[in-house]
Amino acid sequence: MRRVHKVTCLAGDGLGPELMAEASRTLRKVARMHGFAIDDVHAPFGSEALTRSGHPLPASTRSAVLEAEAVLAADMGEPALGGVAAQLDLRARLTQVLCRRGDFMLLSPLDADSEEWTVEQAFRLARARRGRLVSVDGDAEWAALVDSTADEHDDVALEQVSLADAMRALAFEPRPLDVVVTGTAVAPALEELATGNEADDRLVAFARLAGNGPSVFAPAQREPADGAGHGVADPSSMLLAASLLLGEGLGERHAAETLRRALRHARINGSRPATIRRTLAATTRDFGDAVVSLLPSAHSNAEFVPSGVGWTEPPRSVGAGFAGPGAGASAA
């Protein structure tokens, strides 16, 4: 029998339902390709739930969250999500960034009590990806924690770098990066740099990882609410969140890679609503169709993978290998 993963979807109102619709159908398509199934439960949430039941997080939604393997939310900023988080064993913040010059993840603990768990997860995540981990030295105690954990992970190449080198790499030359782990003190500054480079066409998704029970995944980009109902919202960030959920929430890393490759190629082809919305040449559904149509060729077993869908960057040093903004621009 096929594996079945239960995912609770919290769409809320506004643009949430149309973005969630694209994520749900794409998840079901990629799951079918990889031999498992998604049981997606759409629970009332936020303003929608308040209108229907008088509470933004009704008991039925709380139960659906606790029974799920992972939670997909349309908006990480929704106040009702705080009620969801309070029920869960959330320990780390994970940010995935997809851009023209790289694909990397930034991981940091949500509090000091979760530092050891987060560092261990960073090594496991690096091993599952390209085997490279960059640690940003917040202080000597943090560096010692990372070093001691590294002794148990000989198959991961660790590089400890200064905050200045990490900031330059995140802003200008992300290609050497794979997984970056840092403490709570410097995490906000690094995340702002990692996600804020519009010239590099960066696509971002967030997660809150749980030690036990479901983790929470959501898009980073927030579309203008006045676009609700017009079918022109850009679902790219939502689809990246779905890919992140597959890999880090359900453990279906091959399916996550298939969706990520298809999403990257659809964006390279310029078919996403964010760039075409001005000419009314594409819709949310059009972009979703484009990603779904690319899933077969993005599959790791496909004989031919579309140009630009995926690549592997040879190992480079973040500290010594950084050549400045000029080098990054010429490589783009």
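Leaving aside neighbours within four places in sequence, which residues is Ser237 in contact with?

## Ser237

Contact here means heavy atoms within 4.5 Å. Leaving aside its neighbours within four places in sequence, Ser237 is in contact with Leu203, Val204, Ala205, Pro219, Ala220 and Gln221. Ser237 is found in helix α9, residues 236-249. Helices are DSSP runs of H or I with at least four residues, strands are runs of E with at least two, and both are numbered from the N terminus.

Ser237 counts as buried because its relative accessibility is 4%. The classes are buried for under 20% relative accessible area, exposed for over 50% and partly exposed in between, with a 1.4 Å probe and protein chains only. A polar atom of the Ser237 side chain lies 2.6 Å from the backbone oxygen of Val204.

## Basis of the model

This is a predicted model, in which local features need pLDDT of at least 70, side-chain atom pairs count only at pLDDT 80 or more, and totals for chains, interfaces and linings use all residues. Residues are numbered from 1 along each chain as its sequence is written, and side-chain values use heavy atoms, with hydrogens and water left out.

## The chain as a whole

The secondary structure of the chain comes to 14 helices and 10 strands. Of its 332 residues, 54% count as buried. Among contacts between residues at least 6 apart in sequence, 75% join residues at least 24 apart.

Two strands pair if DSSP finds at least two bridges between them. Strand β1 (residues 3-10) and strand β2 (residues 36-42) run parallel and are joined by seven bridges. His5 has Ile38 as its bridge partner in β2. Between these strands the chain passes through helix α1 (residues 16-33), and this β-α-β crossover is right-handed; that is, with the strands pointing away from the viewer, the path from the first strand over the helix to the second runs clockwise. β1 also pairs with strand β3 (residues 70-73), in the parallel sense over four bridges. There, Thr8 has Val71 as its bridge partner in β3.

Gly35 is found in the loop between α1 and β2. With a relative accessible area of 32%, Gly35 is partly exposed. Gly35 and Met1 are 34 residues apart along the chain, and their C-alpha atoms are separated by 9.4 Å. Not counting residues up to four places away in sequence, Gly35 touches Arg2 and Arg3.

Strand β10 (residues 215-219) is largely enclosed by the rest of the structure, because five of its five residues are buried. In a regular strand the side chains alternate between the two faces of the sheet. In β10, Ser215, Phe217 and Pro219 point one way, Val216 and Ala218 point the other way, and all are buried.

β10 runs parallel to β3, with three bridges joining them, and Leu72 has Phe217 as its bridge partner. Strand β9 (residues 203-210) runs antiparallel to β10 and is joined to it by four bridges. Arg208 stands opposite Val216 in β10. β9 and β10 form a hairpin with four residues between them, and Gly213 in the turn has a positive phi of about 85°.

## A charge over a ring

Arg93 lies over the face of Phe206, at 4.7 Å from the ring centre. A charge sits over a ring if NZ of Lys or CZ of Arg is within 6 Å of the ring centre and within 35 degrees of the ring normal.

How values were computed
A polar contact is a pair of N or O atoms within 3.5 Å; within protein, one must be able to donate a hydrogen and the other to accept it, and residues adjacent in sequence count only if both atoms are side-chain atoms.
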